Amino acid sequence: MSSVIDLSLLKGTPEEKAATSAALLHTLKTRGVAQLKNHGLPEDLISEMFDYTRRFFSLSLEDKMTAKHPPQANPNRGYSFVGQESVSAISGYEKGLPQGQAVRDIKETLDIGAANDDLVDNIWVADEKLPGFRKFMEDFYTSCFKVELEILDALAQALGVSSSDLRALHSKAENEFRLLHYPAIPASELADGTATRIAEHTDFGTITMLFQDSTGGLQVEDQQNPGVFRGVESGGKSEIILNIGDSLQRLTNDTFRAACHRVTYPPTVKVGSDELIPERYSIAYFAKPNRIASLFPLKKFITPSTPCKYEDITAWDYNNLRIAKLFS
Ligand SMILES: O=C(O)CCC(=O)C(=O)O
Ligand SMILES: [Fe+2]
């Protein structure tokens, strides 16, 4: 079955909406990720976003460091240089596996939040370094929020929960948005397993909407076959790759499990060869519940045969618990 889902059908007849929502749920539960087309974000806008992303990372290190991410995890805003953040510190978290196996991520990132966030300000390079960048990214964030709400409605329908309740949990748009650049490196640098592009992990929020260029290398763990990772080939830059994060896993008491994913060699490059792995750009929009929202599983998912698996915690406390390890 093709896992590319036409999101415009959510605006179709009630039958089309129900079938599309069900297909989304099924794909996420089996494959771990769903590839979405006709989601409403114009192709030109996405091209421009990749263009700005490329231009940001092409600035000198000195310029990028004028917007530097603090050395600690919080506030999670600004530019992180190659080596600053290590995702392997949290690999296996939701599986309860031992953590902290040291693998370096060879990536640089820029973390962005809502322009009007109550708690945390964004950290930008001066506008004259990259005119229009800030405005573009702030607007793009808002456009992603609209798509997020449509996806949440569809998931609510397929799960049989109230879509207004799920929307209410996300009403403040306290989301995060990350630009990523994986520089070109010789394949031999990844050969001994002490470095990768991004180590395996689950995202912390509700859902993640990811855009990737055509380089490849993104892999997701099959939900039915733990330990088996499959490549997610790019269906073009404007495709959204959707995955579930830890917060939705908790809210649904494991009905949905967060998809474990990583980025490594693209399929075109032979493992351990001395070929150059081409650079790669991606953009991730992490939809998160409001900071004050409770992540206690929703009533519908607590039954005699599926007893509650999680303690109560706010989304913000949970998020901070998870990110604390990333920059230590
Ligand atoms: O670069 C990618 O495709 C994935 C990035 C990612 O998983 C993340 O930033 O959480
Ligand atoms: Fe991720």
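Helices and strands here are DSSP runs, a helix having at least four residues and a strand at least two, and both are numbered from the N terminus. With that in hand, take the stretch 172-289: the chain there is 5% helix and 39% strand, and its end C-alpha atoms sit 8 Å apart. UniProt, in an unreviewed entry, lists those residues, 172-289, as "domain: Fe2OG dioxygenase". Keep in mind that you're looking at a predicted model.

- The protein chain has a mean pLDDT of 92, with 95% of its residues reaching 70 or more.
- For the complex, the predictor gives an ipTM of 0.99 along with a pTM of 0.94.

**The chain as a whole**
- Count up the secondary structure of the protein chain and you get seven helices and 16 strands.
- The protein chain's radius of gyration is 19 Å, close to the 20 Å that the globule rule gives for 328 residues, so the chain is as compact as a globular protein of that length.
- Its C-alpha trace spans about 55 × 40 × 35 Å along the principal axes.
- Of the 328 residues in the protein chain, 40% are buried.
- Take the contacts between residues at least 6 apart in sequence: 77% of them join residues at least 24 apart.

**The eight-strand sheet**
- Eight strands make an open sheet with mixed pairing, and the order runs S1-S2-S13-S10-S16-S6-S5-S3.
- At the edges you'll find strand S1 (4-6) and strand S3 (78-80), each of which pairs on one side only.
- From one strand to the next, the twist averages 25 degrees.
- Ser80 has its bridge partner in S5, namely Thr109.

**Helices packed on that sheet**
- Helix H1 (residues 14-30) packs on the sheet and touches S1, strand S2 (33-37) and strand S13 (240-244). The direction of H1 makes about 160 degrees with that of S1.
- Helix H2 (residues 43-58) packs on the sheet too, touching S5, strand S6 (176-182), strand S10 (207-212) and strand S16 (280-287). The direction of H2 makes about 115 degrees with that of S16.

- Val4 has Gln35 in S2 as its bridge partner.
- S2 is mostly covered, with four of its five residues buried.

**The four-strand sheet**
- There's also an open sheet of four strands, in the order S9-S14-S11-S12, and here the pairing is antiparallel.
- Strand S9 (198-201) and strand S12 (229-231) stand at the edges with a single partner strand each, so one side of each has no neighbour in the sheet.
- Neighbouring strands in this sheet are turned by 20 degrees against each other on average, ignoring direction.
- Strand S11 (residues 218-221) pairs with S12 in the antiparallel sense, over three bridges.
- To find that pairing in the structure, look for Glu221, whose bridge partner in S12 is Phe229.

Technical notes. Residues numbered from 1 in each chain as written. Chains lettered and ligands numbered in written order. Predicted model: local features only at pLDDT ≥ 70, side-chain atom pairs only at ≥ 80, totals over all residues. Pairing = 2+ DSSP bridges. Axes fitted to C-alpha atoms, helices over the stretch in contact; angles between N-to-C directions. Rg over C-alpha atoms; globule rule 2.2 N^0.38 Å. Buried ≥ 20, exposed ≤ 12 C-beta atoms within 10 Å, placed from the backbone. Contact = placed C-beta atoms within 7 Å. UniProt positions renumbered as here; feature names shortened; annotations may be inferred. pLDDT = per-residue confidence, 0-100.
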